[in-house]
Amino acid sequence: MQQPWSKRHKREFKGCQFSLSNSFAQPLSMPELIKLTKDRGDNKLLELYNNHDLEYVPNGGSNDLRQDIASVVYDNKLSAEHILVFPGGQVAIQTAALAFASNGVHSIVFTPGYQSTVESPEWAIGNAGVTQIPRHPDNNWQVDISKFKEAIRPNTKFVILNEPWNPGGIVMRHHLQQEIIDICRAHSIVILCDEVYRLLEHNECDRLPAMANAYEKGISAVTMSKPWGACGVTIGWLACQDLSMVQRLVDAQYFGTACVSRASEIQARMVLGSSGAILKERREIVLRNKAHLMSFVEKYSEFFSVNEPNAGAIAFVKFKLFPSHLLGEQLASNGISIKPYYCFAEVVNDEACEAKQYPCEAYHFRVGFGELAFPSKLDALARYVDENADGWRRKLQKIDK
């Protein structure tokens with residue numbers, strides 16, 4: 001098992017005052033959640049929260065929460081029996097890989113990406129290898145269908161997608177999702193789609209169908225932390241329409257964390273009960289902050305560029321002078337935190353650093369813009385750019401020569 005890519009980040013950016021690293025929408029507070037629940041007259045849910053007992057909840061989640069998820073997120077096209085609840089999204093993704101990527105299965109993943117999403121098939125016992133297919137900015141970070149087809153083997157039975165995509169905040173086109181489903185259906189391949197930023201599309205027309213609704217062998221992985229800003233609730237889930245696949249997930253979950261907190265379940269129900277209002281407010285914050293980010297990139301376009309995000313609260317910004325881990329070192333010493341490329345792919349190794357040979361993607365870093373405090377944090381970055389602009393311009397002139 002690899003070292004956590006984010007371990008280096010936590011060490012290098014520890015204590016930074018201005019964090020542009022956070023990837024979630026504006027976090028909810030408990031008073032805010034209680035007020036939302038009262039305002040819609042759901043006193044029974046508040047009473048349940050104040051008076052619930054502390055016995056174990058059923059493995060995979062209580063029926064009331066699973067039914068709420070099916071209703072709110074999947075428009076009742078799925079039911080409670082198709083939902084499996086976990087303490088967050090990361091363990092859900094790992095459980096799916098253990099269930100479907102073991103015993104001689106070859107898997108396909110796409111990079112760069114969140115480490116659990118990219119590496120989890122490698123942790124499955126008896127896996128037959130994992131093919132990583134890179135995504136590139138020249139193609140707006142979209143999945144390359146031709147490379148995907150080339151990577152399929154007779155024993156390829158598990159594919160992981162991440163849509164909307166982290167770290168770029170870009171969601172694939174509708175026709176591309178359908179093309180991938182058609183290919184996987186022809187080869188009887190299970191698709192796990194990490195959908196943690198779904199429902200936070202900047203334009204609802206770009207929203208893809210949940211994979212659990214769109215494909216009979218599709219699994220959707222979701223967490224409450226990203227679109228709803230309910231990070232501290234620590235609730236995630238897997239959704240799947242094939243009950244035999246759900247049972248395989250149940251069997252795999254048994255050896256991990258099978259039960260969640262009842263208090264967290266009830267908080268999650270409160271969030272889902274006010275989902276529309278919460279998502280509306282979070283989307284408004286995201287769109288305002290995105291406008292600030294795009295203005296920043298335009299103002300400093302000699303140093304930065306970005307493929308404009310259309311979902312979530314994240315963007316993958318390119319710094320034109322040198323790789324993002326070197327920029328990150330400079331920013332960290334000035335109290336500013338970003339997520340360099342090494343948090344999403346293991347390509348900036350010691351040999352590359354010594355030879356100063358970096359892939360073009362290594363110049364990218366992730367910025368999170370979901371919080372109310374984002375403008376002030378971006379201002380801190382702008383001040384740093386202004387202070388270093390003259391020196392950077394001289395370096396760019398040398399590069400151009």
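Close-up 1. Setting aside neighbours up to four places away in sequence, Ala-99 is in contact with Arg-248, Leu-249 and Ala-252. Keep in mind, as you look, that this is a predicted model. Ala-99 sits in helix α5, which covers residues 89–100. Is Ala-99 buried or exposed? Its relative accessibility is 9%, and because buried means under 20%, Ala-99 counts as buried. Val-250 is 151 residues away from Ala-99 along the chain, yet their C-alpha atoms are separated by 8.9 Å.

**Close-up 2. Thr-95, also in helix α5.** Thr-95 has a relative accessibility of 6%, so it counts as buried. Which backbone oxygen lies 2.8 Å from a polar atom of the Thr-95 side chain? That oxygen belongs to Val-91. Not counting residues up to four places away in sequence, Thr-95 touches Phe-86, Leu-249, Ala-252 and Gln-253. Look back at Ala-99 and you will find Leu-249 and Ala-252 among its contacts too.

**Close-up 3. The largest nonpolar core.** This core has 50 residues, and those touching the most other members are Phe-296, Phe-303, Phe-304, Phe-319, Leu-327 and Trp-392. Elements giving two or more residues to the core include α12 (275–299), β10 (314–319) and α15 (374–400). Which element gives the most? The answer is α15, with 10 residues.

**Close-up 4. Phe-296 and its partners.** Beyond four places in sequence, Phe-296 touches Phe-304, Leu-378, Leu-381, Ala-382 and Val-385.

Technical notes. Residues are numbered from 1 along each chain as its sequence is written. This is a predicted model: local features need pLDDT of at least 70, side-chain atom pairs count only at pLDDT 80 or more; totals for chains, interfaces and linings use all residues. Side-chain values use heavy atoms; hydrogens and water are left out. Helices (H or I, at least four residues) and strands (E, at least two) are DSSP runs, numbered from the N terminus. Buried means under 20% relative accessible area, exposed over 50%, partly exposed in between (1.4 Å probe, protein chains only). Contact means heavy atoms within 4.5 Å. A polar contact is a pair of N or O atoms within 3.5 Å; within protein, one must be able to donate a hydrogen and the other to accept it, and residues adjacent in sequence count only if both atoms are side-chain atoms. A nonpolar core is a set of buried Ala, Val, Leu, Ile, Met, Phe, Trp, Tyr and Cys residues joined through side-chain atoms within 4.5 Å.
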